[in-house]
Amino acid sequence: MAPAGDSGAAADIAKLSLNGGSNGKTQIGRSDMQLGEVTHHNVQQLKKLNQCVFPVSYNDKFYKEVTTAGELARLAYFNDVVVGAVCCREDKYEGEKSLYIMTLATLAPYRTRGVGKMLLEHVFALCEKDPAVHAVHLHVQVNNEVALNFYSKFGFEQKGVVEHYYKRIEPNSAYILVKKMERK
C-alpha cells in the first residue's frame with residue numbers, strides 16, 4: 001500500500017484502463033489480462049486448465065487440432081498466468097455458418113474478473129470479421145447453473161436439450177445455447 005501522501009501512485013491508478021486499450025490488454029487495478037495463441041509449446045497448460053474446470057476429458061486429437069486453430073483458440077492470461085481459454089470451430093447451425101464453442105473455461109478464482117467476458121468478446125469479434133457467421137452456439141450440462149447464468153447475460157438462449165450428450169457424467173443431458181449475431 002502506498003503512503004498516504006503518495007499522489008504518484010494515485011495518478012498511476014487513475015491512468016489504468018478498465019476497458020482495454022490499444023495494446024490489447026485489459027487493466028484491472030495493478031494487473032493485466034491478455035489473450036494469447038494456443039501452440040504446441042503451451043497446449044499442456046490448456047489441457048491442465050480443462051482438467052481443472054470440466055467434468056469431462058478431451059482426447060489428444062482435440063488438443064492437436066486446437067494448436068492449429070489460429071484465432072479460434074485462445075488462452076487468457078492474468079499477469080502472465082493461464083487462467084482461462086476458449087476453443088471454437090466453424091460449424092453450421094440451422095443450415096447457416098456459425099461458430100461452435102467447444103470449450104470456454106475460467107479458473108474459479110478468476111470468474112469475477114472479466115476473463116470469461118474477454119473470451120466471449122473475442123468470439124464475437126471473430127463473428128464480426130466474417131459476415132457469413134450468423135450465430136454462436138454451444139452445449140452446457142443441464143445442471144451447470146453458473147455457466148447457464150453466464151451465457152444468458154450475453155444473450156444466449158436455450159434452444160433445446162440433447163439427451164445423453166455426455167458419456168460418463170450425470171446428468172448426461174445438455175442444453176443447446178445459441179446467440180444469433182445481429183448484423184448492421
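Predicted model: local features only at pLDDT ≥ 70, side-chain atom pairs only at ≥ 80, totals over all residues.
**Entry 1: aromatic rings**

I found one aromatic cluster made of Phe124, Phe150, Tyr151, Phe154 and Phe156. By the pairing rule, I count 9 aromatic pairs. I looked at two that involve Phe150. Phe150 and Tyr151 sit edge-to-face, with 5.1 Å centre to centre and 75° between the planes. Phe150 and Phe154 make a tilted pair, again with 5.1 Å centre to centre, and here the planes are 55° apart.

I then asked myself: is Tyr151 buried or exposed? Tyr151 counts as buried because its relative accessibility is 5%, and the limit for buried is under 20%. Phe154 has 19% relative accessibility, so Phe154 counts as buried too.

**Entry 2: overall layout**

Next I stepped back to the whole chain. I see 5 helices and 8 strands. Going along the sequence, I read their order as α-β-β-α-α-β-β-β-α-β-α-β-β. The chain has 184 residues, and 40% of them are buried. I also checked the contacts with a separation of 6 or more: 59% of them join residues 24 or more positions apart.

**Entry 3: the cores**

Which residues have the most contacts inside the largest nonpolar core? I noted Ile101, Leu120, Val136, Tyr151, Phe156 and Leu177, in a core of 31 residues. At least two core residues come from each of strand 3 (73–78), strand 4 (81–93), strand 5 (96–106), helix 4 (115–129), strand 6 (135–141), helix 5 (145–153) and strand 8 (174–180). Helix 4 gives the largest share, with 8 residues.

Setting aside neighbours within four places in sequence, Leu120 is in contact with Ile101, Leu104, Phe150, Tyr151, Phe154 and Phe156. Apart from this core I found another, of 15 residues, which includes Val43, Phe54, Ala73 and Tyr77. As background for myself: in soluble globular proteins, nonpolar side chains tend to be buried together.

**Entry 4: the largest pocket**

How much space lies in the largest pocket? I read about 1,200 Å³. I count 41 lining residues, and those closest to the pocket centre are Phe54, Tyr58, Met102, Leu104 and His139. Two or more lining residues come from each of helix 3 (60–66), strand 5, helix 4, strand 6 and helix 5. By type, I sorted the lining into 22 nonpolar, 10 polar and 9 charged residues.

**Entry 5: Tyr100**

I moved on to Tyr100, which I found in strand 5. Tyr100 is buried because its relative accessible area is 5%, against a limit of under 20%. Beyond neighbours within four places in sequence, I listed its contacts: Cys87, Cys88, Arg89, Asp91, His137, Leu138, His139 and Tyr165. I took His139 from that list for a distance check. Tyr100 and His139 are 39 residues apart along the chain, and their C-alpha atoms are separated by 8.9 Å.

**Entry 6: Phe78**

Phe78 lies in strand 3. With 8% relative accessibility, Phe78 counts as buried. I checked Phe78 against Met33, which is 45 residues away along the chain, and their C-alpha atoms are separated by 4.5 Å.

Which residues does the cis peptide bond join? I found Glu170 and Pro171, with omega about -10°. Pro171 has its place in the loop between strand 7 (157–162) and strand 8.

I also looked up positive phi values in residues other than glycine. Asp80 has phi near 70° and lies in the loop between strand 3 and strand 4. Asp80 counts as exposed because its relative accessibility is 63%, where exposed means over 50%. Glu94 has phi near 50° and is found in the loop between strand 4 and strand 5. Glu94 counts as exposed at 57% relative accessibility.

Conventions. Residues numbered from 1 in each chain as written. Heavy atoms only, no water. Core = buried A, V, L, I, M, F, W, Y, C linked by side-chain atoms within 4.5 Å. Buried < 20%, exposed > 50% of the residue type's maximum accessible area, 1.4 Å probe, protein only. Helix = DSSP H or I, 4+ residues; strand = E, 2+ residues; numbered from the N terminus. Contact = heavy atoms within 4.5 Å. 1 Å grid on protein atoms, 1.4 Å probe; cavity = no way out; pocket = protein on both sides within 12 Å on 5 of 7 lines; lining within 4 Å. Points joined across faces, edges and corners; volume = space filled by probe spheres on them. Nonpolar A, V, L, I, M, F, W, Y, C, P; charged D, E, K, R; others polar. Phe/Tyr/Trp six-rings, centres within 6.5 Å; stacked < 30°, edge-to-face > 60°.
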